[in-house]
Amino acid sequence: MDNKLTKRRLSDYLSYEWILMIVVAVVMIVVWEFAYTVGAVRLTVGQDFKYYYDESISSLSATDFDDLLTSDGTFSYDVLKRHYETLTSDYNVLSIRLSIQEGDVLITDSKEPEEGATGDERLIRAKSAIDNFDYNIYCLDTMLSDAITYLNQFVDGEVVGNYQVDIAKLNDSKINDLFLERMKKDNRFRSEEQKQEGFKLEKGRIEKLLKEVSDFKYFLDNAPDSAFYRYTKYSQTFEYTENAEEKANYETRMNKEISEGRENARYAINASALTGGAHNPSEYFKMSGADNADNVVIMAFNFLEYQPHLQFEVISFFNTVIRTCSNFIPQ
C-alpha cells in the first residue's frame, strides 16, 4: 500500500480535516485553561496587600521600604502578594481601586495650605482622605478595638492585658475550626497533611497577631501625642461646602462623630514624630521635593467587612514602621 506523504495528499487532508484540527486545538486550550484555573490559588482581598504613595509623596525610597517589610517579616503566611502604587495627579485611580477593596494603607500628607489659598488649594489632603466616603479611613483606636474583638474568638479569657502576650490562652480547637472553615476553597490545603501544616501556620499567624496587637496598644497608650494625626471627620468638608443642603448634611455627620466620641480622633501616624529608632523616618517617607518626613502621615483603610481575617495585617505594617523609626514600642 502506498502511504507516501505527498503535497497533493497533504493538501487533500487539510482541505477536509481543517475544521477538526481547529476543534481539537480549541478543546486543548479550554482543557489547559480549566486545569490552570482549578490549580491556581486565587487571591482574596486580604491576601493581596497594597499600599499607596499619594500624589504629594515621593516614592524614591519605595524599594528600600518594601525591602524593609520583607526583612522584618512584617506579614503572615496568608499574605501572598504585596505591592505598592504611586498615585499621580494626571491619573489618580485610588477611588476605582478602593471600589474593589484593592488597598490597605495610604501614605499622604497633612501640609497646611499656603496663605491666601483658594478653592481646592485650601484643602489638606489627609483631611480630604478621611472625609472621602470611598476611602473609609480607619480610626486607629477603632482599629485596635476591632483587632482585640477578632482575637477574642481564639482565646480563653482576656486577649490583651497590660501589654503582656499570654500564648497559653490560645485555644487550638477554636483556631483549627475557623481555619478549616475559611480555607474550605483554598487549593493549598486539600489533603490531611496539608491541613495539618496549614493549622501550624494559622496558629503562628494568630500568635504573631496577638503580639502585634499588644505592641500597637502599647504604642497608642504611651506614645507622645505628636505621633498621631488627629481630626474630627467631615469638619473640613463642612467648612468649605457652599451648597446649603450639602453643608447641613455634613454638619449632621460631623456632629454624629462628635457625639459618638470621635472628636479630634486619631486617624494616622505622623511619620516625622517617630524618633529614637535605628532609622530616621525620612529615609523612607518624604513629600516630593522635601528632605525630611515633615507632614507625612500614614493611615489605613477599613475593609474589615471584606477581609475579616487579614484586615489587621495593617497593624503589623504600622508596627514595622514604628519599631524601625522609633523607640515607642519596647523591643
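Which side chain makes a polar contact with the side chain of T108? The points below answer this and then turn to other parts of the structure, which is a predicted model.

1. The partner is D54: its side chain and that of T108 make a polar contact at 2.6 Å. T108 belongs to strand β3, which covers residues 105–109. Its relative accessibility is 0%, and buried means under 20%, so T108 counts as buried.

2. The surroundings of T108 involve several stretches of sequence. Leaving aside neighbours within four places in sequence, T108 is in contact with D54 and I57, with R125 and A126, and with N295, V296, V297 and M299.

3. S288 sits in the loop between β5 (265–270) and β6 (296–300). S288 and S58 are 230 residues apart in sequence, yet their C-alpha atoms are 4.5 Å apart in space.

4. The whole structure holds 26 aromatic pairs. One of them joins F133 and Y234, with 5.9 Å from centre to centre and 55 degrees between the planes, and it is classed as tilted. F133 is in the loop between α4 (125–131) and α5 (140–152), while Y234 is in the loop between β4 (228–231) and α8 (235–240), so this pair ties together parts that are 101 residues apart in sequence.

5. Are F133 and Y234 buried or partly exposed? F133 counts as partly exposed because its relative accessibility is 47%. Y234 has a relative accessible area of 7%, so Y234 is buried.

6. A second aromatic pair is formed by F179 and F189. Their ring centres are 5.2 Å apart and their planes meet at 75 degrees; the cut-off is over 60 degrees, so the pair is edge-to-face. F179 lies in helix α6 (residues 172–182) and F189 in the loop between α6 and α7 (192–222), so the parts tied together here are 10 residues apart in sequence. Both residues are buried.

7. Arginines also lie over aromatic rings. R253 is placed over the face of Y234, at 5.8 Å from the ring centre. Y234 thus has R253 over its face and F133 as a ring partner. R266 lies over the face of F228, at 4.4 Å from the ring centre.

Note on methods. Residues are numbered from 1 along each chain as its sequence is written. This is a predicted model: local features need pLDDT of at least 70, side-chain atom pairs count only at pLDDT 80 or more; totals for chains, interfaces and linings use all residues. Side-chain values use heavy atoms; hydrogens and water are left out. Helices (H or I, at least four residues) and strands (E, at least two) are DSSP runs, numbered from the N terminus. Buried means under 20% relative accessible area, exposed over 50%, partly exposed in between (1.4 Å probe, protein chains only). A polar contact is a pair of N or O atoms within 3.5 Å; within protein, one must be able to donate a hydrogen and the other to accept it, and residues adjacent in sequence count only if both atoms are side-chain atoms. Contact means heavy atoms within 4.5 Å. Rings of Phe, Tyr and Trp (its six-membered ring) pair if their centres lie within 6.5 Å; planes under 30 degrees apart count as stacked, over 60 as edge-to-face and the rest as tilted. A charge sits over a ring if NZ of Lys or CZ of Arg is within 6 Å of the ring centre and within 35 degrees of the ring normal.
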